[in-house]
Amino acid sequence: MTVTIPAPNAKQLMFFRDRHKYVAYGGARGGGKSWAVRTNALLMAARYPGITQVIIRRSYPELYANHIKPFLKLLPKGCYTYNDTKKELTLPNTSRIIFRFCACDKDLLNFQGTEYDLMYIDEATQFTEEQFRILAACVRGTGDGFPKRCYLTCNPGGIGHAWVKRLFVDRQYNEGENADEYSFIQAGVRDNKALMKSQPDYIRQLEALPPKLREAWLDGAWDIQSGQFFEDFHDRPEHYEDRQFTHVIEPFEIPPDWKIYRSFDWGYHRPFSCGWWAVDYDGVVYRILEMYGCTETPNEGVRWTPDKVFSEIAKTEREHRWLRGKHISGVADPAIWDGETGESIAQCAARHGVYFVKGDHARIPGWMQLHYRLAFDENGFPQMYVFKNCRAFIRTLPLLQYNAQMGEDLDSDGEDHIADETRYFLMSRPIKPRLTAKTKGGMKLLLDIDGDSLKAAPKRRMEIIG
């Protein structure tokens, strides 16, 4: 069997040559990690006939898309066997590559009694340290002369951020851990020449991110666990040359043909949040109204029961001049459809004529949509504005912090209800990050994807309300 493999970059070659017991490879996004895993597995299979290797991902769809499908496409047909039931690939020299996923602790039971010579945990920061230790204990194959090694790939962020950083980046070891067994190869996106050739704009997309995420995803920095999560939200005007950069604006009369949306997050013993959004002709979104209250303690002397909440929402939509007579599309946290103990929150809303569709609950993509909307173009225009009367949004968004254990996510112990309903709305009309960053005078601006300055956008005409 003959297989042609492209030449690896310098960091991938280091990964292939590393002989430590635990080898971690990663850092920046787009570092060519999955390709390195597949290629190393193929090289080891060729070098050690009869060796048993396993590649592990968090979910089967990821496992299939990143490893099984590329393997079956790469290898010449008729020169291998693949058992789809067992998810095992056998090569002509009897070497085996086994594919497994581990979505939760329950899936660890599938690894009891199994033995592998080599293990690859792809995207290791998606696993807890306990899961990693249980999986790594399966590296105890009995083949004579076969290496016993555990390879990991990783990016900053995720549930396993802290332990991966401790072992491989900070190199801080507990009793019983041997520092000589651990090795880390820092990979950057610029090391991946194949990606740079096929997607030359990828770096520009990463450069458009807020500073902490940019450092993590572009440079592979691991210190992203603290600080303001939405540092790109400007609640006060900042001036550069003759332009004013801000997300918070004076209210203005909404043109009658702009579309109106409603987003909602129920509190369950915490504050609930309802926001109304207008969308202009260019797809720019405006948070024009909001209702924010507590479902547990009195708010202005009234406890906000579900009936009270949706009665007020329905009244606002009947009476407010920006909303009355409008068709309003609603999106909400999917959890409001849970009704195991009786009437669900969604059913209560429907009784008052307030209807929703289930929002996309994906957290990281949702936060990225918010970052994309907050980004300014060179003329000082973002794709999202907040009216000054939306005081709860303006107060809570700057207070949200990074999650210390999952660096890409925010700390959900904060007052995040408005942020949650905002991401449900933005995920219902997602945009792509087609812009790249440029810095002038300390202000981060955006240019078009070709690097040329954007043409002066027509000034939006707004009637200011007192």
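Helices (H or I, at least four residues) and strands (E, at least two) are DSSP runs, numbered from the N terminus. A salt bridge here is a side-chain nitrogen of Lys or Arg within 4 Å of a carboxyl oxygen of Asp or Glu.

Keep in mind that this is a predicted model, where local features need pLDDT of at least 70, side-chain atom pairs count only at pLDDT 80 or more, and totals for chains, interfaces and linings use all residues. Residues are numbered from 1 along each chain as its sequence is written, and side-chain values use heavy atoms, with hydrogens and water left out.

Are R166 and E177 buried or exposed? Both are buried (buried is under 20% relative accessible area, exposed over 50%, partly exposed in between, with a 1.4 Å probe and protein chains only). They also belong to a network of salt bridges that links E129, R133, R166 and E177.

Now hop over to R140, which forms a salt bridge with E115, their closest N and O atoms being 3.7 Å apart. R140 lies in the loop between α4 (129-136) and β7 (149-154), and E115 in the loop between β5 (96-101) and β6 (118-121), so the pair ties together parts 25 residues apart in sequence. R140 is partly exposed at 35%, and E115 is partly exposed at 38%.

In total, the structure holds 23 salt bridges.
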